[in-house]
Amino acid sequence: MEKKVFVTHELPGEVIHQLSGLCDVNVWLGPGLLPAEGLREELAGCEGVVCLLTDHMDHALIESLPDLRFVSSMSVGVDHVDVAALTARGIPLGHTPGVLVETTADTAFALLLAAARRVSEADRFVRQGEWRRENRWSPDFFTGKDVAGATLGLIGLGAIAQAVARRAQAFGMRVVAWNRTAREVPGVSNLPLEAVLAESDFLSVHLALTAETRGLLNAARIGSMKPGAVLVNTSRGGIVDEGALAAALSSGRLYAAGIDVFAEEPVPVDNPLLYLPNVVLTPHIGSATALTRARMADIAANNAIAALQGKPMPHCVNPEVYAR
Ligand code: GLV
């Protein structure tokens, strides 16, 4: 009997088309995202799944799938998957690091600049006819915050953070960083977390969401940020206390924020960040260029193909499953 593989969304790229030569492929064609109950039903009897970061592969779901032999996620982050549950069963989990580094760094820097220079707020002002209605232009009109000469603090110093550091250096910023284990990166000073929070005019978060990093930027740490600082988050929403951030932004303690990721996605309409003029919002699009998404899909498909052929996945989150 042919092996069954489920793909939770139509994917870009070339390699995904090779999958049908190796197994019986079923693809969710929508409309919209596959609901959680649908995932359980569709995965019954499947040897493998190619999924997105929107598909929650929790412990109960994994335990309900005795035939599951591999999971390949088209994402670099894997907080939507219970990795320990897979590893306990010897199931490899594939992800897509590397190819999205520069694209995601661009998003972080775009949010940083947009928040500093009030781009979304100014766009709304023009679009809604306010400029004409108020017939206003003055020396303090939409004044923002300078980037050149400011200090950028990076929380995490992996590949994406390093790519953000290169952009910041080209913009004349001083760059400091905190990483669990200090890393030598040209022009970047490693500092304790509290010092990064206290010294940074701009703070950009670049951590994976894990049990250790969940809620890392809590109310106390947000409270210890430099007054008037800007927070940028393109990693995972669960790392930042959104309520505390919203309070700090509405009181004026923080200047602005650029937020691509949320504790709950799609973001609920009652999230207070949605109602603050000094927050630039995007819907988890850090790696969203057509080329990068095609490259990510190709890596995800290659991980699945390797698993189907009984080979180690080229990009495996839990390679210890192969050492058994
Ligand atoms: C995006 O957030 C990813 O994890 O690929």
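How many of the 19 residues of helix 11 are buried?

**Entry 1: ground rules.** I am working with a predicted model, where local features need pLDDT of at least 70, side-chain atom pairs count only at pLDDT 80 or more, and totals for chains, interfaces and linings use all residues. I number residues from 1 along each chain as its sequence is written, and side-chain values use heavy atoms, with hydrogens and water left out.

**Entry 2: helix 11.** I found that 14 of the 19 residues in helix 11 are buried (under 20% relative accessible area, with exposed over 50% and partly exposed in between; 1.4 Å probe, protein chains only). Helices here are DSSP runs of H or I with at least four residues, strands are runs of E with at least two, and both are numbered from the N terminus. I then checked the length of helix 11, residues 290-308: its end C-alpha atoms are 27 Å apart, which agrees with the span of 27 Å that it should have at 1.5 Å a residue. The expected span is 1.5 Å times one less than the number of residues.

**Entry 3: Ser75.** I looked up Ser75 in the loop between strand 4 (70-73) and helix 3 (83-88). Is Ser75 buried or exposed? Ser75 is buried, at a relative accessible area of 2%. Its side chain makes a polar contact of 2.7 Å with the side chain of Ser73 (a pair of N or O atoms within 3.5 Å; within protein, one must be able to donate a hydrogen and the other to accept it, and residues adjacent in sequence count only if both atoms are side-chain atoms). The Ser75 side chain also reaches the backbone oxygen of Gly77 at 2.7 Å.

**Entry 4: the ligand.** Which residues are around the ligand? I listed Leu53, Ser75, Val76, Gly77, Leu100, Arg236, His284 and Met296, using a cut-off of a heavy atom within 4 Å. Taken alone the ligand exposes 190 Å², and the protein buries 90% of that (Shrake-Rupley method, 1.4 Å probe).

**Entry 5: helix 10.** I saw that Asp241 caps the N-terminal end of helix 10, with a side-chain oxygen 3.0 Å from the backbone nitrogen of Gly243. After helix 10 comes Gly252, whose phi is positive, near 90 degrees.
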